[in-house]
Amino acid sequence: MALDKVNKIEIYQPYTSEGNKLLSTYTNHEELKHILELLKNSEESPNFSPNTEKGGPDYFQIVLYTDQPIAYKFDLQFDGATYYWYPWDPAILSNEVETYLKKK
């Protein structure tokens with residue numbers, strides 16, 4: 001997928017009582033660029049194991065849109081200490097991603 005072609009990002013909170021809940025939509029070029037940089041700069045960590053002492057992680061879904069007819073969806077999680085996602089193997093994200101996961 002060509003990240004430079006992304007023109008919209010939606011963040012969802014899945015598994016709520018109302019179903020998948022849209023938290024925010026981003027179309028501003030600078031915001032898109034920053035979110036994509038956070039994803040690209042994540043650190044692959046194949047042996048990462050989330051901290052589950054206080055229960056399961058918080059789940060999010062990030063949907064990347066381009067001018068193509070299909071969008072790309074990735075799971076993003078937070079275990080109370082670490083944000084991580086699964087582009088292929090688990091990858092650790094900067095805590096800056098939290099800014100974009102709040103309802104807008």
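Me: Which exposed residues does the face of H1 turned away from its buried side carry?

Reply: In this predicted model, that face of H1 carries the exposed residues His-29 and Glu-30.

Me: Which residues of H1 are buried, and where do they fall when seen down the axis of the helix?

Reply: An α-helix has 3.6 residues a turn, so residues three or four places apart point the same way. In H1 the buried residues are Leu-32, Ile-35, Leu-36, Leu-38 and Leu-39. Seen down the axis, these buried residues fall within an arc of 155°, so they line one face of H1.

Me: What covers the buried residues of H1?

Reply: The cover includes strands S1 (8-16), S2 (19-26), S4, S6 (83-85) and S7 (91-93).

Me: What is found at the start of H1?

Reply: There, a side-chain oxygen of Asn-28 reaches to within 2.9 Å of the backbone nitrogen of Glu-30.

Me: How many salt bridges does the structure hold, and which residue meets Glu-37 in one?

Reply: A salt bridge pairs a side-chain nitrogen of Lys or Arg with a carboxyl oxygen of Asp or Glu within 4 Å. The structure holds three. Glu-37 meets Lys-40 at 3.3 Å, N to O; these two are three residues apart in helix H1, and therefore separated by about one helical turn.

Me: Is Glu-10, which forms a salt bridge with Lys-8, buried or exposed?

Reply: Buried means under 20% relative accessible area. Glu-10, at 8%, therefore counts as buried, whereas Lys-8, at 27%, counts as partly exposed. Their closest N and O atoms are 3.5 Å apart. Glu-10 is also among the residues that Gln-61 touches, and Gln-61 is found in strand S4.

Notes
Residues numbered from 1 in each chain as written. Predicted model: local features only at pLDDT ≥ 70, side-chain atom pairs only at ≥ 80, totals over all residues. Heavy atoms only, no water. Helix = DSSP H or I, 4+ residues; strand = E, 2+ residues; numbered from the N terminus. Contact = heavy atoms within 4.5 Å. Buried < 20%, exposed > 50% of the residue type's maximum accessible area, 1.4 Å probe, protein only. Arc of directions from axis to C-beta. Polar contact = N/O pair within 3.5 Å; in protein donor to acceptor, adjacent residues only side chain to side chain.
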